Amino acid sequence: MGSPVPAGEGSPGASVATNTSPGLKAPTRRGTELVMLSFAAGLVTLALILVELNQERSLSLRILYLGLAYLALFACAHLAVRRWAPYADPAILPCVALLNGLGLVVIHRIDLALEGTVFPDGSTWDPVAFKQVIWTGIGLLMFAATLKFLPDHRMLARFGYTFGLVGLVALLLPGVLPGFIAPTINGAKIWLRVGPLSLQPGEFAKILLMVFFAAFLVSKRDLFTVAGRRFLGMDLPRARDLGPLFAAWGVTVAVMVLQKDLGSSLLFFGIVLVLLYIATERAAWVVLGLGLFAGGAVIAWKLFNHVQQRVANWQDPIARYDVIGGGYQISQSLFGLATGGIGGAGLGAGRPEMIPEANTDFITAVIGEELGFVGFAALLLVYMVFALRGLRGAISVRDSFGKLLGGGLAFAVCFQVFIVVGGVTKLIPMTGITAPFLSYGGSSLLANYILVALLLRISAAARAPQRIAKPKPQQPAIADQHTVMVERPK
């Protein structure tokens with residue numbers, strides 16, 4: 001069921017030549033990465049101390065344990081990159097470390113705010129900061145395993161169709177299983193529950209489906225570049241070539257209807273459109289795709305109650321403030337952002353306990369309240385740097401599969417941030433997806449660390465010096481060979 005590695009892309013292990021002079025070793029920039037990781041660790045430790053001081057607490061060993069665990073985890077990640085991807089981009093891992101560390105600080109701050117809270121069912125708040133550290137450790141183990149066992153990203157293209165099938169099943173599975181296995185949480189049916197553990201398969205499905213679409217578009221690129229009719233200055237594709245786009249649209253609508261998950265459907269379809277645009281460089285695919293998604297969203301809005309509820313909450317959350325399933329969450333988020341203003345209330349000085357789901361869906365609202373517009377903008381800039389470095393690796397790598405996959409992975413993180421922040425700020429209807437590396441949750445962290453490992457693998461292939469094959473010794477001509485006359489025995 002696999003698709004072949006694109007022909008003419010070089011042998012496994014080959015990479016793009018650099019400007020390094022012959023005989024000189026190309027710089028790996030791992031020292032630069034270590035310095036930036038140390039800077040990120042310092043910021044995270046300072047942020048933890050500020051939270052404790054603003055809460056008027058004495059500095060305890062708990063802060064020391066959190067800081068040391070953070071340092072140890074990313075020191076191991078740095079060693080893994082140094083060992084298995086020495087030429088990888090030096091800025092990607094520090095950006096991830098800073099985002100993950102800031103998320104850990106905010107989750108710890110929310111734990112302090114909800115400490116001792118008794119819920120209507122009689123349960124009390126269970127701190128989750130140390131659980132997030134454990135999930136980070138497991139995620140970094142998967143990160144290191146991906147780097148070790150995937151020496152060349154082009155190996156993934158051989159199993160493109162298999163990954164596509166598995167990803168499609170993982171994406172749609174929660175929507176078709178009964179409620180005791182796939183419960184509805186916060187209005188969305190996107191989880192699988194196995195005993196005490198919960199898993200969100202859609203987080204892994206997005207990576208599998210990106211591998212499939214990248215392999216598929218590389219092998220079928222000529223099919224999508226053939227122009228059909230010209231309309232309004234655009235070369236529209238032929239009707240016979242629209243099958244994959246309609247298939248992706250159908251899956252998107254199925255996710256919207258079966259799982260009641262607007263965020264995942266928008267994220268999935270946006271990734272498909274971007275990969276199509278990167279592969280063909282034709283805006284017609286994007287225009288057609290956006291038209292299809294808008295039409296499907298309008299139909300779903302007319303037919304399904306949960307979509308109407310999300311749209312009504314988006315249009316006027318204050319009017320639906322006291323309605324069950326209404327605009328309470330988004331209203332509290334907007335109040336928190338307004339309280340933060342330009343400079344913020346300060347780390348540990350806000351009221352995150354007033355925002356439901358503060359450590360998952362609405363963690364960016366807590367950051368906006370305590371760090372203000374300035375801190376919120378800085379957070380988005382870190383995401384932007386991460387995406388730009390990922391796109392730089394995708395542009396620089398030689399093979400077409402790596403370009404498509406790297407571009408899709410970098411865009412997926414950036415677009416997910418847009419969906420999350422857009423929902424929190426009421427730019428778009430509220431969704432149920434989480435902020436990458438910031439929000440509490442195991443599935444998101446595990447999937448995103450695999451994504452980071454793939455980006456580093458692609459950037460390592462782009463930045464590594466070209467391996468020059470040693471010339472084979474030439475055999476002298478037969479005429480020049482030394483001959484010995486041997487007498488024929490009598």
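Which helix gives the most to the nonpolar patch? I began with this point, bearing in mind that the model is predicted.

**Entry 1: the surface patch.** I looked up the residues that form a nonpolar patch on the surface and found Leu61, Leu64, Tyr65, Leu68, Leu71 and Phe130. Together they have about 580 Å² of accessible area. Helix 2, residues 61–84, gives the most to the patch, with five residues. I noted that Leu61 lies in helix 2.

**Entry 2: helix 1 and helix 3.** On the side of helix 1, I listed Glu33, Met36, Leu37, Ala40, Leu43, Val44, Ala47, Leu48, Val51 and Glu52 as making the contact. Helix 3 contributes Leu93, Pro94, Ala97, Leu98, Gly101, Leu102, Val105, His108, Arg109 and Leu112. I recorded the residues of this contact by class: 15 are nonpolar, two polar and three charged.

**Entry 3: salt bridges.** How many salt bridges does a search of the whole structure find? I recorded seven. Side chains of opposite charge can pair when their charged atoms come close. I examined Glu33, a residue of the contact with helix 3, and found that Glu33 forms a salt bridge with Arg30. The closest N and O atoms of this pair are 3.0 Å apart. Glu33 and Arg30 are three residues apart in helix 1, so about one helical turn separates them.

Methods. Residues are numbered from 1 along each chain as its sequence is written. This is a predicted model: local features need pLDDT of at least 70, side-chain atom pairs count only at pLDDT 80 or more; totals for chains, interfaces and linings use all residues. Side-chain values use heavy atoms; hydrogens and water are left out. Contact means heavy atoms within 4.5 Å. Helices (H or I, at least four residues) and strands (E, at least two) are DSSP runs, numbered from the N terminus. Ala, Val, Leu, Ile, Met, Phe, Trp, Tyr, Cys and Pro count as nonpolar, Asp, Glu, Lys and Arg as charged, and the others, Gly among them, as polar. Patches are made of residues with over 30% relative accessible area and no salt bridge: like charges are joined within 9 Å, nonpolar side chains (Val, Leu, Ile, Met, Phe, Trp, Tyr) within 5 Å. Accessible areas come from the Shrake-Rupley method with a 1.4 Å probe; for residues, only the protein chains shown count as cover. A salt bridge is a side-chain nitrogen of Lys or Arg within 4 Å of a carboxyl oxygen of Asp or Glu.
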